[in-house]
Amino acid sequence: MRAILRQALWFGLGAGLLEAAVLSAHHRLIHGFIYLSPHLVWMAPVANIAWFGIPALLLLLLSRWWPRLRAPGVTIGVFSFLAALSMLLIPSQLHRVAALVLALGIGIQAGRLLAKRSEGFNGLVRRTVPILAALVLLLAVGTIGWGIYRERRDAKRLGAARATAPNIVLIVLDTVRRASLSMYGYQRPTSPAMERWAARGVRFEHAFATASWTLPSHAGMFTGRLPHELSAGWLRPLDGTWPTLAETLRDQGYLTAGFVANILYCNRSFGLGRGFVHYEDYRIAPGEFLVNASIGRALSESHLVRQLVGYHDILSRKSGESISHAFLEWEARQGDRPWFAFLNYFDAHQPFFPPEPDRFGPTRDRALALLELRPHMGKIEDAEHRLTPGQVEAERNAYDAALAYLDSQVDLVLTELEQRGKLKNTIVIVTSDHGEQFMEHGLFDHGNSLYRFAIEVPLFLLGPGVPQVSVSDPVSLRDLPATVMDLIGRQSRFPGRSLRAVWSGTADSTVPVMSETSGPSPRRWFKSIVASNRHAIWSADSTELYDFAADPAEIRTLSGQRAGAEELDSLARTFQRETGQPPRP
């Protein structure tokens with residue numbers, strides 16, 4: 001019995017360490033992204049203790065009736081199969097069935113060969129299990145300890161800050177579109193709390209993200225740059241070419257902290273953590289343990305397994321409540337030094353599983369079978385070709401319920417800050433990185449267009465120096481860094497304009513707003529401009545022009561008309577003047 005359990009432990013730890021080594025080398029040597037926690041180096045071996053331990057217990061149980069299952073050839077063969085499978089599941093190019101067949105062959109051969117030398121092999125296992133366990137423990141202590149040391153070191157390096165400097169909190173509600181918020185006229189009460197808070201400051205009626213997906217949009221909010229100026233791409237992180245808002249505020253003596261739920265594109269390895277002294281992305285949790293081992297990842301991505309267990313959410317998803325509480329607990333430990341906090345909420349991102357999914361209508365008809373589940377996110381791909389009208393409505397019901405939940409979290413955070421007496425000296429910015437589409441223009445999801453549903457987002461500010469006013473002029477989220485620096489009374493190094501000039505009426509109301517999105521395919525690109533009461537969109541396949549005021553749903557394009565063609569030419573020249581490049585290659 002001990003020999004079998006010891007073999008399971010030895011194979012599990014060894015396979016986990018080897019998997020972590022391969023993925024780490026892939027990441028560091030050829031800069032390939034693995035979308036996994038930096039705790040992978042010790043989480044994978046620990047997770048494998050369970051994945052190898054379960055078969056070990058089954059062998060012991062079944063061997064009561066079939067004693068031959070305890071034979072060295074059988075036990076070593078089973079664990080060799082699992083170890084080989086854990087490695088063969090790493091390359092995405094290898095089909096899962098092929099991986100199973102290859103691993104089975106390796107297991108059978110290993111069982112035959114090592115069974116003849118079982119005594120010597122078991123002796124090796126007995127001697128080296130403590131070494132492997134100690135190595136995993138050392139990696140865990142080192143990884144966790146390094147994070148704690150780095151944060152304390154960076155906090156000590158902060159320079160002096162002005163005593164009267166205001167705090168700043170940037171709240172980004174991932175994937176929240178303006179069109180589905182009641183504060184902008186939507187029929188369902190999805191944002192009553194945000195509407196109340198927005199009435200205490202500046203509410204922008206038409207704010208636009210610089211891109212229709214997470215990474216370049218966040219990067220634009222942090223640097224003031226448009227996507228074509230940034231390195232940020234589907235498999236490329238934001239590099240250090242341009243300073244970020246967090247870096248700049250840190251250099252001004254601000255204590256900087258980030259609390260992110262979108263751990264796919266907002267994790268440190270994608271560059272958005274640059275400048276933050278404290279940054280919470282990946283966490284040590286059961287879901288993370290599961291996906292940090294290749295066998296667990298394969299099971300979590302299996303539609304069959306998901307259907308059998310009835311669980312379709314992201315295993316490592318952070319709820320809005322966890323983000324709110326993490327920030328408030330951190331804030332309660334801070335002294336008099338001013339802080340800049342970035343909160344990223346992920347509850348309105350596919351797949352939608354809010355606490356009250358049926359709040360605005362039934363969600364039982366949801367297209368759960370269409371979820372293309374990935375290690376850290378669920379996404380419906382090509383859903384427009386398969387979703388029924390009932391399924392689309394169910395998805396919208398769930399999405400709206402998620403918005404209402406996020407509304408409660410924004411209310412929780414701001415109410416608590418006010419009760420602590422901190423809100424009066426805190427600049428609050430609430431916005432989103434991009435929108436979402438529910439079959440408008442025949443499209444689902446985001447990142448696949450620049451229609452207003454995909455890029456028009458909520459935006460309001462409140463705090464010291466911010467009046468109570470509503471702004472109707474279109475604005476860009478790229479102006480947030482310059483706005484923050486203006487509000488704290490510091491010179492801005494960021495491009496763009498301060499939005500203070502917009503709400504005070506001193507800015508040029510004709511300033512154009514640009515957005516860009518490109519995909520993995522060279523032909524998947526979009527560029528748009530909002531100017532002169534028009535919204536123009538260029539792509540590889542079409543050119544579209546919409547009346548910004550009269551056609552907010554962008555149902556009828558004006559590009560086929562003679563006047564529309566002339567307007568498009570004028571907008572194209574404006575786009576090139578503002579960005580330094582034409583809207584079409």
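Select Phe222, Phe276, Tyr279, Phe340 and Phe342, a cluster linked by ring pairs. Rings of Phe, Tyr and Trp (its six-membered ring) pair if their centres lie within 6.5 Å; planes under 30 degrees apart count as stacked, over 60 as edge-to-face and the rest as tilted. The model on display is a predicted one, in which local features need pLDDT of at least 70 and side-chain atom pairs count only at pLDDT 80 or more, while totals for chains, interfaces and linings use all residues. Residues are numbered from 1 along each chain as its sequence is written, and side-chain values use heavy atoms, with hydrogens and water left out.

**Aromatic pairs**

The structure contains 28 aromatic pairs. Please select tryptophan 213 and tryptophan 234: their ring centres are 3.8 Å apart and their planes stand at 5 degrees, so this pair is stacked. Tryptophan 213 belongs to the loop between β3 (207–208) and α7 (214–223), and tryptophan 234 to the loop between α7 and α8 (245–251), so the pair ties together parts that are 21 residues apart in sequence. Helices (H or I, at least four residues) and strands (E, at least two) are DSSP runs, numbered from the N terminus. Tryptophan 213 and tryptophan 234 are both buried, where buried means under 20% relative accessible area, exposed over 50% and partly exposed in between (1.4 Å probe, protein chains only).

Two arginines may be selected next. Arginine 225 is placed over the face of tryptophan 242, 3.5 Å from the ring centre. Arginine 452 lies over the face of phenylalanine 548, at 3.9 Å from the ring centre. A charge sits over a ring if NZ of Lys or CZ of Arg is within 6 Å of the ring centre and within 35 degrees of the ring normal.

**Helix α7**

Now select residues 214–223, helix α7. Of its 10 residues, 10 are buried, so α7 is largely enclosed by the rest of the structure. Among these buried residues are Thr214, His218 and Phe222. The elements covering them include β1, α8, β6 (339–345), β9 and α15; contact here means heavy atoms within 4.5 Å. Just after α7, glycine 224 has a positive phi of about 80 degrees.

**Helix α15**

Helix α15, residues 480–487, is mostly covered, with 7 of its 8 residues buried. The buried residues are Leu480, Pro481, Ala482, Thr483, Val484, Met485 and Leu487. Their cover includes β1 (167–173), α7, α8, β9 (426–431), β13 (459–462) and α16 (500–503). Glycine 489 follows α15 and has a positive phi, near 75 degrees.

**Nonpolar cores**

Select Phe204, Leu249, Phe340, Phe342, Leu459 and Trp503, the residues with the most contacts inside the largest nonpolar core, which has 49 residues. Such a core is a set of buried Ala, Val, Leu, Ile, Met, Phe, Trp, Tyr and Cys residues joined through side-chain atoms within 4.5 Å. Neighbours within four places in sequence aside, the contacts of phenylalanine 340 include Ile168, Leu170, Leu245, Tyr254 and Phe276. A second, separate core of 47 residues includes Val176, Ala341, Tyr399 and Val410.

Two strands pair if DSSP finds at least two bridges between them. Strands β17 (residues 525–531) and β18 (residues 534–539) run antiparallel and are joined by 6 bridges; alanine 531 stands opposite arginine 534 in β18.

Another open sheet has 3 strands in the order β12-β3-β15, with mixed pairing. Its edge strands are β12 (456–457) and β15 (475–476), each pairing on one side only. Strands β3 and β15 run parallel, joined by 2 bridges, and the bridge partner of alanine 207 in β15 is valine 475.

**Leucine 100**

Finally, select leucine 100 in helix α4 (residues 96–115). Is this leucine 100 buried, exposed or partly exposed? Leucine 100 is partly exposed, with a relative accessible area of 42%. Residues up to four places away in sequence not counted, leucine 100 touches Phe81 and Leu85.
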